[in-house]
Amino acid sequence: MFDEFRLKEALVSYKRDFAQKLWPNEKYKWQAVKCFQLNWDVNATDFAEMLKKSLSATANLLASVNNFPARMIQKFAEIVPEEVRAMFIELFDESKDVYERINSFKLKSSLLLERYGNGAAQHYQNENSISTYLWLRYPDKYYIFKLSEVKVVASELESDYRFKKGAYADNIHNFYAFYNEICAELQKDDELRNMLAAQVDGTCYADPEMRTLTIDVGFYISRYYSKRNDEPAADEWWPTDYSPAISTDEWIALINDTEVFIPSSLEIMKRMLDYGSKATCTQLSVKYGETKNFYNSGSVALARRVAEKTGCPVMQRDTGDPRWWTILYVGKDAGKDEEGSYIWKLRDELESALRQVDLSKVPLYAKSDEKGTDGFHCWWLTAKPKIWSLRRVRKVADCVVSIHAPRAGSDTPTPRYPCPTRSFNPRSPCGERPPGRLP
């Protein structure tokens with residue numbers, strides 16, 4: 001039992017946010033079910049490949065920070081496909097108690113880890129991931145279990161159901177009973193049903209029993225509604241619910257792949273690591289050289305190559321455009337006393353990989369050529385006149401200084417201005433070179 005009035009209050013907020021804020025980010029849940037339903041065939045000849053296709057749209061449902069259940073079960077399926085096939089057949093056997101099936105799947109995963117884990121510490125097949133498989137297979141009956149989430153929902157709705165860490169059987173049975181009650185209330189709400197129907201398209205599962213919508217309402221109550229009176233956490237690294245699902249060993253292989261980590265990519269990574277694994281692009285530019293855009297665009301380009309190479313899940317913006325940088329980093333707003341506006345922090349697995357790779361031949365600082373080629377930054381073009389002055393620079397020779405290419409068809413000669421070539425030092429406030437240091 002729970003307080004139905006409190007659920008209705010939460011639904012007012014949920015409906016207000018649904019179309020514009022929630023659906024663009026949560027649509028993938030309905031798409032994940034549709035993908036699984038289209039590809040699942042327990043009798044497939046190539047079971048491992050079939051399983052991979054079936055789970056290909058699950059994104060962060062089966063891959064999050066330091067949690068890779070989909071990738072691990074796929075690896076097991078590649079090694080011993082018949083054993084994994086039998087595990088799923090048993091899991092999907094509706095004649096048995098749901099917790100017994102979940103627990104059996106978890107125990108057999110532990111055996112596979114011992115035999116074929118190759119040193120891996122975990123198999124990641126827990127109540128959360130296994131209940132996700134059940135929901136994908138039977139989306140009109142099951143929900144995704146997550147202990148931390150259901151505890152918040154139970155508290156917000158003042159439910160009689162209790163959830164305790166370690167009480168696996170009771171938690172599973174109480175969870176399904178609790179969410180069945182919530183779903184029954186949602187099914188009575190025609191406005192909610194119509195809102196969902198207006199958004200669902202051909203890529204989505206229709207969700208006639210509104211089970212996936214119930215999962216989404218629970219997620220919303222836990223993640224957003226429960227924090228409606230809280231102050232925003234400005235110091236929290238973001239995103240917290242997305243991971244590219246790339247392990248440290250996989251990052252090491254990528255770093256050694258010269259088509260993915262090109263020289264400039266390694267420079268960015270080495271400088272991030274040297275700065276303490278977290279920095280703004282401005283901070284990197286000031287300390288190591290190059291422009292801010294070198295670090296910004298270089299990171300985005302690297303992340304795209306990683307995604308193309310690995311096929312890892314990519315976080316999407318509200319517009320549907322990818323947030324490439326989240327593959328490499330988590331981020332947060334910079335403090336008032338920090339240079340730059342946004343701080344990037346290397347993902348833990350990537351940082352660990354970088355510390356295990358030899359980067360000694362990668363330059364830490366941008367090259368600076370005294371003749372003004374590499375590393376030559378024309379600061380005087382944008383310098384503030386109250387701070388910088390060229391009045392003390394001696395004329396040595398005439399040369400052309402222009403920041404624009406000649407206009408096509410123009411016969412107007414480019415004006416020539418005095419430009420120092422020998423005694424001018426672009427890194428000195430007044431431009432002089434010390435005596436004896438001529439190019």
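Student: What makes E185 and K188 a salt bridge?

Tutor: A salt bridge needs a side-chain nitrogen of Lys or Arg within 4 Å of a carboxyl oxygen of Asp or Glu. The closest N and O atoms of E185 and K188 are 3.2 Å apart, so the pair qualifies. This is a predicted model, in which local features need pLDDT of at least 70 and side-chain atom pairs count only at pLDDT 80 or more, while totals for chains, interfaces and linings use all residues. Residues are numbered from 1 along each chain as its sequence is written, and side-chain values use heavy atoms, with hydrogens and water left out.

Student: Why is E185 called buried, and K188 exposed?

Tutor: Buried means under 20% relative accessible area, exposed over 50%, and partly exposed in between (1.4 Å probe, protein chains only). E185 has 18%, so it counts as buried, whereas K188 has 59% and is therefore exposed.

Student: What separates R85 and E82 in helix 4?

Tutor: About one helical turn, because R85 and E82 are three residues apart in helix 4 (residues 81-91). Helices here are DSSP runs (H or I, at least four residues), as strands are (E, at least two), numbered from the N terminus. The side chains of R85 and E82 meet in a salt bridge, 3.0 Å from N to O. R85 has 11% relative accessibility, so this residue counts as buried.

Student: What makes strand 1 and strand 3 a pair?

Tutor: Two strands pair if DSSP finds at least two bridges between them. Strand 1 (residues 278-279) and strand 3 (residues 342-346) are joined by two bridges and run antiparallel, so they meet that condition. A279 has W344 as its bridge partner in strand 3. Strand 2 (residues 329-333) also pairs with strand 3, in the antiparallel sense over five bridges. There, Y329 stands opposite L346.

Student: Which helix supplies the largest share of the lining of the second largest pocket?

Tutor: Helix 3, with five residues. Helix 11 (248-255), like helix 3 (69-79), supplies at least two residues of that lining.
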